[in-house]
Amino acid sequence: MCGIVAATASRNIVPVLIEGLTRLEYRGYDSAGIAVLNPTLTRLRSVGRVAELAAQAEGQVAHHGIAHTRWATHGVPSERNAHPHVSAGLAVVHNGIIENYAELKQELLAAGYVFTSDTDTEVIAHLIQETLKSDGDLFAAVRRATARLIGAYAIAVLREWDESLVVARHGAPLLLGLGEDGNYAASDASALLQVTRRMIYLEDGDIAELRRDAIRIVGAGGTAMRIPEDRAVHESTLSADDVELGEYTHYMQKEIFEQPQALAATLELIGGAQAVSPNLFGVAAPEMLSGLRSVLILACGTSFHAGLVARYWIEQLAGVPCSVEIASEYRYRASVANPEQLVVAISQSGETADTLASIKHAKAQGMGRTLAICNVPESAIVRECALRFLTRAGPEIGVASTKAFTTQLAALFLLAVTLARQAGRLSAEQEAGHLAALRHLPVAVQKVLALEPAIKAWAGRFADKQHALFLGRGHHYPIALEGALKLKEISYIHAEGYPAGELKHGPLALVDKNMPVISIAPNDALLEKLKSNLKEVAARGGELYVFADADSVFDEEAGLHVLRLPEHYGLLSPVLHVVPLQLLSYHVALVKGTDVDKPRNLAKSVTVE
Ligand code: F6R
């Protein structure tokens, strides 16, 4: 989604802004722009790639500026809607959505302001300008103006002849970077690694003033925040290599192949232990996880699919009822609150607006036992929850989530084992066995990755198809959903995931020779039932692509293609079986020539509803 970079420094900050925007490209965007002071305002904007903006900005020198990548919400992608938006010498960039913008716009139109875009952001620019009439101080004006905004925002503001930059956040991420030669702000740490590792994460309601040699932060209540007592300075551990492509062509490809190391890094948290400790989830975990009656998992998209797999594990191992709900539904539903329930938010980014709001909603209903499973430390969702488990997948840049998903699964399996232990349902031997199986995952995933050439050979047969069906049963049903999501988001082929047993209740009507059917067929208790379901497809001329285990038995027949995973992996098998589906969608997208890392209309971090 939208990205912000802001800088005030003794060096020329134009290359810093451009490099920062390049680092934010992965979030998804359709246009980009910068505004710099020399000391009057120069604004440059372009639709399309940051590289086009960089060409326009060539030769510009400035010490003070703001920059933005836009993912359209209000108004089509176009230069006139690209940020920054200006109001007489004042410029604003904004992430988020202002819900009361229409009402504010009417008021500002009546006051004589002329609007040149369709965005909600332009309202902010004029509103600050209007506020400045009665209060000449930019910081004070931003405070008063933002107090009138309803919705989510992170903004950066600059104005001609002013030595300060002002930034503010409410419901959208924003952090400050403390550099040697100046101060910086961005919506994502990766944009600032080029100039500093010292970061302060702003909290909701914070407004900060940045000068070359000083910063000040005022919190939601209007009190000055002390640094580091009230707002800690973090040393970012992200490495520049983590966000480089290196030997790979696409981030998605890199991230698929990084899964063994992402899993190994995540599992370092258990070392060689033979038993789990609830402390893995935080100091309050032993108390919060004890005596649990049920679990509610809230998430969106791929993270939701991880939750669906976890339901099978939690109910089977721990005997604790578990429900999984899409966050955007839960947050607006009149559900029945259960304060004894553990509420688990799963999110790669930790900033997904709906997941964050769903946790707030649960807490507002008295459900205080909250756990975040997240890949980004200090993110809003992590800070909102009482307990946390941080996956160590490293930055995920490709829009399609891959390594974040498999590390989420590892974390959720640990949760299931922990709850099973708390419930006294595991012998020491069983517990040690589960942990050993987890520790073996990086090696097992590595072996699955070796199937890439065979999967690539299949990909060409999908590229001209309009639709595809993914089937799975049991704890592989969510993997069928995930396989379908991966294929549709990056190759734009319409795909559906179904529990195989549901086929004859409707989707079988779609099956013909033009409908490839992909099936996950591990050698588990449901294999024979699944095979009967696949016969129903074969009988209708459907082309079957089956991902089986080394020991799943299939008779050869026309229209049936089988690829075997090297190991049969029991309960943790979904972690292995998702990998060939990620590779399949990647290679189909390559054949189709789509933008793998930045699929159309999608964004990496969904910070708006
Ligand atoms: C799909 C994908 C999305 C995200 C979803 C939630 O490949 O990446 O479906 O899983 O937007 O994002 P997080 O996990 O950041 O909350």
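The following conversation goes through some features of a predicted model and the definitions behind their names.

Student: What should I keep in mind about this model before we start?
Tutor: The model is predicted, and local features need pLDDT of at least 70, side-chain atom pairs count only at pLDDT 80 or more, while totals for chains, interfaces and linings use all residues. Residues are numbered from 1 along each chain as its sequence is written, and side-chain values use heavy atoms, with hydrogens and water left out.

Student: Why are Trp313 and Phe413 called an aromatic pair, and what makes it edge-to-face?
Tutor: Rings of Phe, Tyr and Trp (its six-membered ring) pair if their centres lie within 6.5 Å, and planes under 30 degrees apart count as stacked, over 60 as edge-to-face and the rest as tilted. Trp313 and Phe413 lie 5.0 Å centre to centre with 85° between the planes, so they form a pair, and that pair is edge-to-face. A search of the whole structure finds 6 aromatic pairs.

Student: Which parts of the chain does the pair of Trp313 and Phe413 link?
Tutor: The pair links distant parts, with Trp313 in helix 9 (residues 301-318) and Phe413 in helix 13 (residues 403-422), 100 residues apart. Helices (H or I, at least four residues) and strands (E, at least two) are DSSP runs, numbered from the N terminus.

Student: How do you know whether Trp313 is buried or exposed?
Tutor: Buried means under 20% relative accessible area, exposed over 50%, and partly exposed in between, with a 1.4 Å probe and protein chains only. Trp313 has a relative accessible area of 0% and is therefore buried, and Phe413, at 1%, counts as buried too.

Student: Which residues do ring pairs link into a cluster?
Tutor: The cluster consists of Trp458, Phe462, Tyr545 and Phe547.

Student: What makes Lys105 count as lying over the face of Phe115?
Tutor: A charge sits over a ring if NZ of Lys or CZ of Arg is within 6 Å of the ring centre and within 35 degrees of the ring normal. Lys105 lies over the face of Phe115 at 4.9 Å from the ring centre, and Lys531 lies over the face of Phe554 at 5.4 Å from the ring centre.

Student: What makes a space a cavity, and what makes it a pocket?
Tutor: On a 1 Å grid over the protein atoms alone, a cavity is a set of points where a 1.4 Å probe fits but cannot get out, whereas a pocket is an open set with protein on both sides within 12 Å along at least five of seven lines; lining residues have an atom within 4 Å of a point. Grid points are joined across faces, edges and corners, and a volume is the space filled by probe spheres set on the points. A search of the whole structure finds 2 cavities of 30 Å³ or more, and the largest cavity holds about 70 Å³ of space.

Student: How is the lining of the largest cavity divided by class?
Tutor: Ala, Val, Leu, Ile, Met, Phe, Trp, Tyr, Cys and Pro count as nonpolar, Asp, Glu, Lys and Arg as charged, and the others, Gly among them, as polar. The lining, which includes Cys2, Trp71, Arg70 and Asp120, divides into 2 nonpolar, 7 polar and 2 charged residues. In the second largest cavity, of about 40 Å³, the lining has 6 nonpolar, no polar and 2 charged residues.

Student: Why does Tyr492 count as partly exposed, and what can be said of its phi?
Tutor: Tyr492 has 25% relative accessibility, so it counts as partly exposed. Its phi is positive, about 65°, although Tyr492 is not a glycine, and Tyr492 is found in the loop between helix 16 and strand 22 (494-499).

Student: Why is Ala88 called exposed?
Tutor: Ala88 has a relative accessible area of 71%, and is therefore exposed. Ala88 also has a positive phi, near 40°, and its place is in the loop between strand 5 (85-87) and strand 6 (90-98).
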